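Hi everyone, thanks for making time for this. Let me put the chain up on the screen, and then we can walk through it together.

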Amino acid sequence: MNEKKLYRLYKEEGLSVRRRRGRKRARGTRVPPLTVCMQIVAGQRMPMPNRPNVRWSLDFVSDTFGASRKFRVLAVIDDCTRENLALIADTSLSGARVARELTAMIRIYGKPDCIVSDNGTEFTSTAILKWAGDTGVAWHYIDPGKPQQNGLIESFNGSLRDECLNEEIFDSLADARQKLAIWRYDYNNVRPHSSLGNLTPAEARRALEQSDGNAPGALAQPETDDYQQTRLSL
């Protein structure tokens, strides 16, 4: 049977091949509240928040341990102080897990006004949208293919990869978590940042909270014991 006859019979019988469509995902807003979540517009620079917990930025990085077994790291920073609020490493990080970790961070650092992320499946999941609705935290998604709209977390990820992930060999997931914790402590408490007036992120947070009477009661602490206990209880 030639192609023409096959095509004619195909049309006469009304046959069709079901088109595969992308999986439907819940979407959050792309229009952030102007007073909370100002983003790049028409290539302009992102305005910086003037106090902690105005805006957090989230993203994932990945690496391997052992015999090329992959793991992912959820990185969360405060855009005002550049403080790294968490480096959560695991072989699997679902949207529900991200929501639980954010709840743990809020107990320690206070609730952010806004969170900015890309359009990854974990961040666009129903679990995240439900969490944002329940907590009242505005969630803004950057435009697809526009990582510069979340430039602070991208810059942080570059430092994390250059100074830790590319320099260390991880024997296990526990080893990776330990080395990430050491690097995070150095980043937050030892290394001064020129963008913060040569203060460390932890010093910048304390200085801003001391000058702001409305600072949250649960302050960021360089020690991770309370945070680790909170995470283990989830």
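Met1 sits in the segment before α1. Its relative accessibility is 72%, so Met1 counts as exposed; the cut-offs are under 20% relative accessible area for buried, over 50% for exposed and partly exposed in between, with a 1.4 Å probe and protein chains only.

A word on where this comes from. This is a predicted model, so local features need pLDDT of at least 70 and side-chain atom pairs count only at pLDDT 80 or more, while totals for chains, interfaces and linings use all residues. Residues are numbered from 1 along each chain as its sequence is written, and side-chain values use heavy atoms, with hydrogens and water left out.

Now the overall layout. The chain has seven helices and five strands, taken as DSSP runs numbered from the N terminus: H or I of at least four residues for helices, E of at least two for strands. Reading from the N terminus, the order is α-β-β-β-α-β-α-β-α-α-α-α. Of the 234 residues, 43% count as buried. Among contacts with a separation of 6 or more, 63% join residues 24 or more positions apart. The accessible surface comes to about 13300 Å², and 50% of that belongs to carbon and sulfur atoms; the areas come from the Shrake-Rupley method with a 1.4 Å probe, and for residues only the protein chains shown count as cover.

On to the sheet. In what order do the five strands lie? The order is β3-β2-β1-β4-β5, in an open sheet with mixed pairing; two strands pair if DSSP finds at least two bridges between them. β3 and β5 are the edge strands, each pairing on one side only. Neighbouring strands are turned by 25° against each other on average, direction ignored. For angles, axes are lines fitted to C-alpha atoms, for helices over the stretch in contact, and values run from 0 to 180 degrees between N-to-C directions. β1 and β2 pair in the antiparallel sense over ten bridges, and Thr64 stands opposite Lys70 in β2. α3 packs on this sheet, touching β4 (114-117) and β5, and its direction makes about 140° with that of β5.

What about the interior? A nonpolar core here is a set of buried Ala, Val, Leu, Ile, Met, Phe, Trp, Tyr and Cys residues joined through side-chain atoms within 4.5 Å. The largest one has 24 residues, and those touching the most other members include Trp56, Leu58, Leu102 and Trp139. Among the elements supplying at least two residues each are β1 (55-65), β2 (69-78) and α3 (126-135), and α2 gives the most, with seven. Beyond its neighbours within four places in sequence, Leu58 is in contact with residues including Leu74, Leu102, Phe123, Trp139 and Ile153. There is also a second, separate core of 20 residues, including Leu87 and Leu180.

Most residues other than glycine have a negative phi. Asn53, in the loop between α1 (3-12) and β1, has a positive phi of about 70°. Asn198, in the loop between α5 (173-189) and α6 (201-211), also has a positive phi, near 60°. Which of these is buried and which exposed? Asn53 counts as buried, at 4% relative accessibility, whereas Asn198 is exposed, at 56%.

Key. Contact means heavy atoms within 4.5 Å.
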